[in-house]
Each structure stands twice: as C-alpha cells, then as structure tokens.
Amino acid sequence: LITDRAFAYQATTECIVFIDGEFWGIYQMMEKIDKDYLSSHYGVKKSDVAMIKNGELDEGTEQDLSDWNELCKGVAGGSISYDEFCNKDDLQGFMDYFAAQIYWANADWPQRNYTAWRSDTIDESNPYSDGKWRMILFDTESGQGLYGSNDKSFSADCYRRISSTNSDIGKMFTTLMNNEKFRLEFSRTMMDLA
C-alpha cells in the first residue's frame, strides 16, 4: 500500500514452512532494517548512516542523537522554524509516514516503533546523502481494527492520541500542524494516500 511513498519500509512476504515434510506453520520473512538495508536501498555508505530508533541511538554518533533531539525539541518548542525543519528533514517523507500511520490507526505509535535515519556525509550525486532525516516504517500491525478495539479502528481519533503523547516526533508533528503551509500539504498527502 505504501511502496510509492517517500519513506523506507520493509519488504515482506509470507511462506508456509515444512521441515522434513512436517508442517511448521506460516512464517513471515522480512527485510532487516539496518545500515546494510539503507546502503543497498539508498546508495549511502554504511559508515555514514545515522539511525535513531525510539528516541535512542541505533547507528551513528552521540552528535547524531543530539541533532535529532535538537530537531524534535526545537520544532516542538518553537525555536526551529518550519523552513529550518524543511532543511533538516525530508518533508514529503515525513508527511507520507505520518499519513500512513494515521490512516492505519496504529495505536502502538508514535510513543514507540519509530526510526529516523540520515546520511552524515553530503554527496551531491546522491539525493539521499543530503544530511536530511528520513523516516522508516515498521511494525504497523497494532492498527486496522486489531482485536476489534476502538483505538485501532477507522473511527479512532489519532490526532488526539498523537497530541497527547510524550513522543518527541508526536510533539513535533502536532506543532507542525499549527503551520498553515504544513497543514495544507499534509491534508493533500493524507487525501492522496486515502
């Protein structure tokens, strides 16, 4: 559903497993999200990859974590402008990512299950080596009406949930929604996805 969107995601497929003729079940095979994945999909050097997962450093340096935290807190607190945000983050990918999560009513997010990445080295020959943060979509099964619960259904108020979370990316998104230009572009992205 999201292969045409501007963010990273895991390719996945199901398979039926038999070992020595005995049925072992239905397994789900999927790509592992790591620096090898980003290198092979986006042509960035593995040594240049920075990844923040659930607010913690997964790949890169402490400076990368500091830059990510500064971006999130700066946007949420108003010290980083919308234009500055656009210079530090892949805007369309950010909007696509939030639109998908909201559309699926993923209740296990944004307080967890989020990853952002960037290339620390600028290479003008590679559009993904521009130093901008980009989102990675994974672990979305806690939505789409899972277990018949209201917070995961089509009628869930995901905007209220996002605005009440302690998640840095949730706070950043909520603040960006106060910007008329972002809100208009996001509404177009959301309608396009829907």
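Helix α4 is mostly covered, with 11 of its 13 residues buried. Here, buried means under 20% relative accessible area, exposed means over 50%, and partly exposed lies in between (1.4 Å probe, protein chains only). The structure is a predicted model, in which local features need pLDDT of at least 70 and side-chain atom pairs count only at pLDDT 80 or more, while totals for chains, interfaces and linings use all residues. Residues are numbered from 1 along each chain as its sequence is written, and side-chain values use heavy atoms, with hydrogens and water left out.

Helices (H or I, at least four residues) and strands (E, at least two) are DSSP runs, numbered from the N terminus. The buried residues of α4 are Leu91, Gly93, Phe94, Met95, Asp96, Tyr97, Phe98, Ala99, Ala100, Gln101 and Ile102. Their cover includes α3 (82–88), β7, α5 (158–163), α6 (168–176) and α7, where contact means heavy atoms within 4.5 Å. The length of α4 (residues 91–103) also fits expectation: its 13 residues should span 18 Å at 1.5 Å a residue, and the end C-alpha atoms are 18 Å apart. The expected span is 1.5 Å times one less than the number of residues. After α4 comes Ala105, with a positive phi near 50°.

A nonpolar core is a set of buried Ala, Val, Leu, Ile, Met, Phe, Trp, Tyr and Cys residues joined through side-chain atoms within 4.5 Å. The largest such core has 40 residues, and those with the most contacts inside it are Trp68, Ile169, Met172, Phe182 and Phe186. At least two residues of this core come from each of β4 (49–53), α2 (62–77), α3, α4, β7, α5, α6 and α7. Helix α4 gives the most, with 8 residues. A second, separate core of 10 residues includes Ile33, Tyr37, Tyr42 and Trp117. In soluble globular proteins, nonpolar side chains tend to be buried together.

Aromatic rings were examined next. Rings of Phe, Tyr and Trp (its six-membered ring) pair if their centres lie within 6.5 Å; planes under 30 degrees apart count as stacked, over 60 as edge-to-face and the rest as tilted. By this rule there are 17 aromatic pairs. One of them joins Tyr97 and Phe98 edge-to-face, at 5.8 Å centre to centre and with 75° between the planes. Tyr97 is buried, at a relative accessible area of 0%, and Phe98 is likewise buried at 0%. Phe182 and Phe186, by contrast, form a stacked pair, with 6.0 Å between centres and 10° between planes. Both residues lie in helix α7 (residues 180–193), 4 residues apart, or about one turn of the helix. Phe182 counts as buried at 0% relative accessibility, and Phe186 is buried at 1%. Leaving aside neighbours within four places in sequence, Phe186 is in contact with Met95, Phe98, Ala99, Ile102, Tyr159, Phe173 and Met177. One aromatic cluster takes in Phe7, Tyr82, Phe85, Phe94, Tyr97, Phe98, Trp109, Tyr159, Phe173, Phe182 and Phe186.

Turning to the strands, 5 of them form an open sheet of mixed pairing in the order β1-β7-β6-β4-β5. Two strands pair if DSSP finds at least two bridges between them. The edge strands, β1 (8–9) and β5 (56–59), each pair on one side only. Strand β6 runs antiparallel to β7 (residues 134–137), joined by 3 bridges, and Trp117 has Arg134 in β7 as its bridge partner. Thr115 is found in β6 (residues 115–119) and is buried, with a relative accessible area of 2%. Apart from residues up to four places away in sequence, Thr115 touches Met51, Ile52, Lys53, Arg134, Met135, Ile136 and Phe138.

Strands β2 (residues 12–19) and β3 (residues 22–30) pair in the antiparallel sense over 8 bridges. Val17 has Gly25 in β3 as its bridge partner. The two strands form a hairpin with 2 residues between them, and Asp20 in the turn has a positive phi of about 50°.

Finally, the structure holds 0 disulfides, a disulfide being a pair of cysteine sulfur atoms within 2.5 Å. For Cys86, the closest cysteine sulfur is that of Cys72, 15 Å away and too far for a bond. Cys86 is buried at 17% relative accessible area, whereas Cys15 counts as partly exposed at 22%.
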